[in-house]
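Please consult the sequence and the structure shown here while reading.

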Amino acid sequence: MSAGGGTKAIVAALAANAGIAVAKFIGFIVTGSSSMLAESVHSLADTSNQGLLLLGQKTAQRKATRLHPFGFGRDRYFWSFVVALLLFSLGSVFALYEGIHKLQHPEPLHNPLVAVAILLVAICLETYSFITAINESKKIKGDVSWWGFIRQSRTPELPVVLLEDLGALIGLVLALLGVGLSMVTGNPVFDALGTMAIGVLLGIIAIILIIEMKSLLIGEGASDKDLDVICDELAAGKVQRVIHIKTQYIGPEELLVAAKIALESRLSLDEVAQAINDAEQRVRAKVPHARLIYLEPDLDRSTVVSS
């Protein structure tokens with residue numbers, strides 16, 4: 001996937017969350033609702049997160065250097081990992097702290113209808129952002145499930161935005177329930193419970209993102225489907241078989257392929273070079289993001305294929 005689709009979803013989320021954050025802070029000042037405060041910090045964290053995702057896309061475009069010969073593609077993984085940490089610290093931990101504090105020291109809400117109105121507007125804006133992320137994700141998701149897309153995607157931005165927007169929508173509903181029940185019953189405890197529920201929700205989403213982004217930072221290989229295609233394309237022409245192969249994503253759209261291939265024994269040096277070039281062209285034609293391919297020619301000394 002090119003960065004374009006991810007950028008569109010990020011910008012939509014950035015615009016929505018910035019406006020929502022301002023409205024929520026005003027709502028908190030007017031009402032004193034802990035749910036509104038938790039959601040304000042949540043939206044502020046999300047706005048900062050989208051800025052970091054855009055920063056990662058920008059820094060990942062730097063040209064390779066002697067110190068970093070494979071470029072800076074993993075910057076996008078790093079900043080997505082930072083986003084997950086911020087979502088946990090600024091969103092989850094703060095909401096849990098605020099909820100527990102208000103549970104121990106409950107305070108009545110002032111003008112709760114203002115909070116309800118702001119939350120309803122925020123739900124509309126967040127829905128727009130979420131739909132944008134869904135539409136952009138559908139372009140590259142294929143036939144895998146949404147959970148499979150989040151787990152398997154080598155492009156970090158869209159899964160991050162999807163989970164953030166989903167968490168934001170559910171959090172808004174929880175805040176609305178907390179404020180609404182507190183307004184109906186006159187008991188501010190419901191507002192505190194809504195705040196704690198938001199903290200738990202954000203914690204779960206943050207942990208999922210931390211696990212996935214850590215895996216990408218460490219280095220993930222090609223999917224089973226792509227690996228099968230690569231092996232099939234390598235083992236053609238004058239290549240007898242793939243002796244062993246290793247792959248790793250060094251950026252969301254850049255796959256490194258290193259393989260030892262068995263060639264026919266009577267090939268000349270020119271024929272060996274041509275066989276390697278042909279194999280690389282076949283792979284790139286079927287798997288375009290396999291941009292770096294290193295092939296080591298060898299003789300077929302065994303009938304056992306290892307990969």
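## Charged residues and sheet

Aspartate 191 is buried but takes part in no salt bridge; lysine 102, the nearest side chain of opposite charge, is 5.5 Å away. Buried denotes under 20% relative accessible area, exposed over 50%, and partly exposed the range in between, computed with a 1.4 Å probe on protein chains only. A salt bridge requires a side-chain nitrogen of Lys or Arg within 4 Å of a carboxyl oxygen of Asp or Glu. For charge, Lys and Arg count as positive and Asp and Glu as negative, while His and the chain ends are not counted.

The model is predicted: local features need pLDDT of at least 70 and side-chain atom pairs count only at pLDDT 80 or more, whereas totals for chains, interfaces and linings use all residues. Residues are numbered from 1 along each chain as its sequence is written, and side-chain values use heavy atoms, with hydrogens and water left out.

Aspartate 191 belongs to helix 7. Helices (H or I, at least four residues) and strands (E, at least two) are DSSP runs numbered from the N terminus. Leaving aside residues up to four places away in sequence, aspartate 191 touches Ser33, Ser34, Ser35, Leu109, Gly178, Val179 and Ser182, where contact means heavy atoms within 4.5 Å.

### Salt bridges

The whole structure contains 13 salt bridges.

| Pair | Closest N and O atoms |
|---|---|
| Glutamate 220 and arginine 154 | 3.2 Å |
| Lysine 238 and glutamate 271 | 3.9 Å |
| Lysine 260 and glutamate 296 | 3.7 Å |

Glutamate 220 forms a salt bridge with arginine 154. Glutamate 220 sits in the loop between helix 7 (189-218) and helix 8 (224-234), and arginine 154 in the loop between helix 5 (146-152) and helix 6 (157-185), so the pair ties together parts that are 66 residues apart in sequence. Both glutamate 220 and arginine 154 are buried.

Lysine 238 is bridged to glutamate 271. This pair links distant parts of the chain, 33 residues apart: lysine 238 is in the loop between helix 8 and strand 1, and glutamate 271 is in helix 9 (residues 269-286). Lysine 238 counts as partly exposed because its relative accessibility is 37%; glutamate 271, at 31%, is likewise partly exposed.

Lysine 260 is bridged to glutamate 296. Here strand 2, which holds lysine 260, is linked to strand 3, which holds glutamate 296, and the two residues are 36 residues apart. Lysine 260 is buried because its relative accessible area is 19%, while glutamate 296 has 42% and is partly exposed.

An open sheet is formed by 3 strands in the order 1-2-3, with mixed pairing. Strands are taken to pair if DSSP finds at least two bridges between them. Strand 1 (239-251) and strand 3 (292-299) are the edge strands, each pairing on one side only.

Strands 1 and 2 run antiparallel and are joined by 10 bridges. A hairpin connects strand 1 to strand 2 through 2 residues. Histidine 244 has lysine 260 in strand 2 as its bridge partner. Strand 2 (residues 254-263) pairs with strand 3 in the parallel sense over 8 bridges, and alanine 259 stands opposite leucine 295 in strand 3.
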